[in-house]
2 protein chains.
Amino acid sequence: MKLATLRNGTRDGELVFVSRDLTKAVRAADTIAGLATLQQLLDEWDSYALAAERIAAELDLATGNGDTSRLPLFAFDPRLAMAPLPRAYQWADGSAYINHVELARKARGAEMPASFHTDPLMYQGCSDVFIGAMEAVPVADEAWGIDLEGELAVIVDDTPMGVTTADALDHVRLVTLVNDISLRNLIPNEIAKGFGFFHGKPASSFAPVAVTPDELGSAWRDGKVHLPMLASINGKLIGRPDAGVDMTFSFADLIAHAARTRRLGAGTIIGSGTVSNKLDGRPGKPVDEGGAGYTCLAEVRVVETLLTGAPRTPFLRFGDRMRLEVRDEHGASIFGAIAQVIVRSEGA
Amino acid sequence: MKLATLRNGTRDGELVFVSRDLTKAVRAADTIAGLATLQQLLDEWDSYALAAERIAAELDLATGNGDTSRLPLFAFDPRLAMAPLPRAYQWADGSAYINHVELARKARGAEMPASFHTDPLMYQGCSDVFIGAMEAVPVADEAWGIDLEGELAVIVDDTPMGVTTADALDHVRLVTLVNDISLRNLIPNEIAKGFGFFHGKPASSFAPVAVTPDELGSAWRDGKVHLPMLASINGKLIGRPDAGVDMTFSFADLIAHAARTRRLGAGTIIGSGTVSNKLDGRPGKPVDEGGAGYTCLAEVRVVETLLTGAPRTPFLRFGDRMRLEVRDEHGASIFGAIAQVIVRSEGA
């Protein structure tokens with residue numbers, strides 16, 4: 001089952017089912033009485049899941065046989081997509097790819113404690129406003145060091161405090177793709193203050209579509225997504241790391257970590273952190289040199305610094321375009337692409 | 001206007017208007033067509049505000065004249081109250097009382113940078129689950145160092161990125177009282193990791209009632225609440241600091257800080273941090289010695305350590321009762337009391 005939220009003038013948009021090939025959609029409200037938003041589906045998953053799966057199957061059948069369904073289908077346009085949850089009650093973002101953590105800390109001149117290999121990093125992100133996959137990203141100042149971060153995320157249902165890693169994956173309802181926009185030059189001061197990220201992690205962007213884990217087939221195993229994350233800047237590929245490789249903490253680990261001292265409400269989004277591969281015992285290799293590259297510019301810059309003494313690639317400027325996508329082994333896009341531009345914020 | 005949310009079996013409860021004296025209530029849905037929850041009121045404040053103010057005024061009149069109103073009134077029972085927003089899209093908690101920051105850091109053996117007097121501390125808290133004023137607080141382990149924190153909070157409407165301190169207070173819709181439950185013994189490790197609080201700040205509790213700023217009269221000025229915060233443990237008063245004193249950063253400062261790199265969605269809750277007074281140039285004085293005391297045990301313990309070399313007061317145990325309340329100059333409770341007990345979490 002693939003799901004998206006389309007703009008309809010309301011804060012929470014309207015929930016639609018999207019065909020596996022991302023070409024067609026049907027409104028949830030047109031097919032299931034009373035179901036209007038994704039949060040509502042997550043709040044009452046058990047009530048709606050059977051009917052929803054049936055509509056999704058019929059939609060895929062109709063797309064395959066040339067649209068002879070009685071469903072009120074229409075063409076799916078990702079430009080109309082809001083984030084699947086345009087606002088959420090919780091966004092808890094892990095940092096499961098240790099290579100990213102190591103490189104990000106090298107960039108700040110910080111040591112990497114041994115405990116980071118056993119105790120996941122996770123921060124509480126803002127979730128009151130999320131950005132749609134093809135919406136512009138407003139930033140007030142280029143000097144803040146604007147960066148993308150390619151991440152995967154799961155959306156869970158009600159998860160009890162103290163859930164074990166063995167039980168954690170039973171709570172995963174959906175998987176999606178995130179651009180965790182970061183303002184690098186604001187982060188060192190925030191980290192020094194001790195309260196974690198705040199200004200450095202403004203609103204994140206989400207892929208047009210969130211999918212149930214079965215849509216990933218065998219690529220979803222061990223609580224990881226075993227597919228490459230493709231990252232481009234202004235049309236140039238900068239990364240294609242495999243999200244199933246070097247993920248030190250699986251989504252099972254991250255969910256259990258998040259729920260250690262409290263229960264998680266339905267619709268909580270748990271992020272993987274920036275996908276990053278440490279290959280051949282080195283901190284990765286640029287795509288141009290045949291490597292897996294990077295899904296954030298901070299890593300590009302720290303590797304440039306390690307290799308040549310200084311970063312060569314600037315952070316993002318107004319007008320720069322970012323693209324993140326995950327494709328299956330046949331090249332088909334799973335979640336649709338995040339494809340967006342940085343713009344100057346109009347401000348208050 | 002005073003508002004509360006009562007349990008009705010749904011996740012978001014039902015919005016009620018509460019009389020100024022906290023004795024009577026009337027359901028929003030019984031008086032204003034289509035208005036069911038507090039989030040909905042915050043989402044569409046301009047549409048509902050006039051009608052809502054009219055109902056609130058009629059309710060106060062009816063309470064004053066012996067209930068001769070045609071409103072379907074009933075007795076307000078704070079035991080049925082959920083948090084005013086039982087879940088929210090954002091909980092951004094400042095730390096505006098520098099005395100608390102100074103004492104909390106002394107307790108951890110950390111220095112206090114000079115910048116803390118000009119650059120507010122703020123962390124992103126979890127908001128997917130909030131606890132009602134008289135609900136039990138589940139914690140899995142007493143060894144985590146369970147503590148209360150008495151705070152005030154404002155709830156804002158849509159606030160643009162880059163809002164100035166001059167404009168920030170125009171966005172305040174409601175004021176309320178928070179118990180920012182903290183797990184002290186988990187915090188030093190989290191702070192050391194650099195990503196801020198996560199396990200150390202589980203679900204917070206809220207007063208039964210949130211009020212529009214006009215309900216505070218002249219006590220609401222300069223973006224501060226000029227009234228004492230009363231804190232008790234197991235029936236013994238431990239603090240009565242004035243929330244208008246030593247608040248280095250007003251709510252105007254805190255809102256502007258929160259919105260520096262992003263807009264804030266309607267219903268965002270901004271916390272003051274633990275109310276704490278630094279009187280007579282000293283870190284405060286216990287209530288027993290005629291001082292203002294403290295609204296968290298961390299401060300009690302660090303002052304004990306400063307005075308006698310070791311903390312004497314333990315953190316909270318299962319069965320311990322906390323109470324927080326703000327009363328006006330006539331002794332009337334503004335928000336109702338947070339009065340709750342720590343219980344052992346049943347776990348997963």
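Me: Which way does α3(A) pass α7(A), in a left-handed or a right-handed crossing?
Reply: In this predicted model, α3(A) passes α7(A) in a left-handed crossing, a term used if the near helix is turned anticlockwise from the far one by less than a right angle, whereas clockwise would be right-handed. Helices here are DSSP runs of H or I with at least four residues, strands are E runs of at least two, and both are numbered from the N terminus.

Me: At what angle do they pack, and how far apart are the axes?
Reply: Helix α3 (residues 98-108) of chain A packs against helix α7 (residues 297-308) of chain A at an angle of about 65°, and their axes are 9 Å apart. The axes are lines fitted to C-alpha atoms, for helices over the stretch in contact, with angles running from 0 to 180 degrees between N-to-C directions.

Me: Which residues make that contact?
Reply: With contact meaning heavy atoms within 4.5 Å, α3(A) contributes A:Asn99, A:His100, A:Leu103, A:Lys106 and A:Ala107, and α7(A) contributes A:Glu299, A:Val302, A:Val303 and A:Leu306. By class, the contact has five nonpolar, two polar and two charged residues.

Me: Before we move on, what are the ground rules for numbering and confidence?
Reply: Residues are numbered from 1 along each chain as its sequence is written, while chains are lettered from A and ligands numbered from 1 in the order in which they are written. As the model is predicted, local features need pLDDT of at least 70 and side-chain atom pairs count only at pLDDT 80 or more, while totals for chains, interfaces and linings use all residues; side-chain values use heavy atoms, with hydrogens and water left out.

Me: OK, sheets. What is the strand order of the open sheet in chain B?
Reply: The five strands of that open sheet follow the order β8-β21-β20-β17-β18 (chain B), with mixed pairing, where two strands pair if DSSP finds at least two bridges between them.

Me: Why is one side of β8 and of β18 left without a neighbour there?
Reply: β8 and β18 (236-239) of chain B stand at the edges and have a single partner strand each, so one side of each lacks a neighbour in the sheet. From one strand to the next, the twist averages 30°.

Me: And how do the partners of β21(B) run, parallel or antiparallel?
Reply: Strand β8 (residues 137-139) of chain B runs parallel to strand β21 (residues 338-344) of chain B, joined by three bridges, and B:Val139 stands opposite B:Arg344. Strand β20 (residues 321-326) of chain B pairs with β21(B) in the antiparallel sense over four bridges, with B:Met322 opposite B:Gln340.

Me: Switching to the interface: how much area do chain A and chain B bury?
Reply: They bury about 5,100 Å² between them, 57% of it on carbon and sulfur atoms; buried area is the accessible area (1.4 Å probe) that two parts lose on being put together, summed over both. In chain A, A:Tyr89, A:Phe195 and A:Phe198 lose the most area to chain B, together 19% of what that side buries. The contact takes 58 residues from chain A and 58 residues from chain B.

Me: How many salt bridges cross it?
Reply: The rule, a side-chain nitrogen of Lys or Arg within 4 Å of a carboxyl oxygen of Asp or Glu, finds eight across the interface. Among the salt bridges of the structure are A:Arg11 with B:Asp158 (2.6 Å, N to O) and B:Arg11 with A:Asp158 (2.6 Å, N to O).

Notes: Nonpolar A, V, L, I, M, F, W, Y, C, P; charged D, E, K, R; others polar.
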